[in-house]
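User: Hi, I'm new to reading protein structures. Could you walk me through this one with some questions and answers?

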Amino acid sequence: MRPRTYPRLPFPTIPLRINGIIIEEYIIPPAMKRQVLEQVYPFRPTPSLDAEYYDLHSERRFRVHQFRVTREDGFNCLVSPYYEDGGGTVIDWVPADEIQD
């Protein structure tokens, strides 16, 4: 049985090297960010693009509109803007107001 894959997003990609492995990163126009976030965000409710979140892996704050989407092993992965630093995917995001400095 073949593993399940998900449809590609309709955007061009560029190669991205993570831990010596080449994956793809979608180039998403700013005007399409909200639509893409609604499509790939796995939880509800979907946060505002202006919401501030914290990447647990890189230990850094970011605004949701800075998200990136990669294509890995047949999946579209929603990742933080610091993905290369710590590998933080959407499951590693916490609303920034829940983090104590």
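User: In what order do the 3 strands of the open sheet stand?

Analyst: A quick note to start: this is a predicted model, where local features need pLDDT of at least 70, side-chain atom pairs count only at pLDDT 80 or more, and totals for chains, interfaces and linings use all residues. Residues are numbered from 1 along each chain as its sequence is written, and side-chain values use heavy atoms, with hydrogens and water left out. Strands (E, at least two residues) and helices (H or I, at least four) are DSSP runs numbered from the N terminus, and two strands pair if DSSP finds at least two bridges between them. The pairing here is antiparallel, and the order is E4-E3-E7.

User: Which strands are the edge strands there?

Analyst: An edge strand here pairs on one side only.

User: Which residue in E7 is the bridge partner of Asp-55?

Analyst: Strand E3 (residues 52–55) runs antiparallel to E7, and 3 bridges join them. Across from Asp-55, the partner in E7 is Trp-93.

User: What about the sheet of 4 strands: which strands stand at its edges?

Analyst: This open sheet has the order E1-E2-E5-E6, with antiparallel pairing. Each edge strand has a single partner strand, so one side of each is left without a neighbour in the sheet; those strands are E1 (13–18) and E6.

User: Which strands do the buried residues of H1 pack against?

Analyst: Buried means under 20% relative accessible area, exposed over 50%, and partly exposed in between (1.4 Å probe, protein chains only). In helix H1 (residues 33–40), the buried ones are Lys-33, Val-36, Leu-37 and Val-40. They sit on the same side of H1 because they cover an arc of only 100° around the axis (taken from the directions from the helix axis to the C-beta atoms), while Gln-35 and Gln-39 are exposed on the other side. With contact meaning heavy atoms within 4.5 Å, the buried residues pack against strand E5 (68–72) and strand E6 (75–79).

User: Which element gives the most to the lining of the largest pocket?

Analyst: The most, 4 residues, comes from E6.
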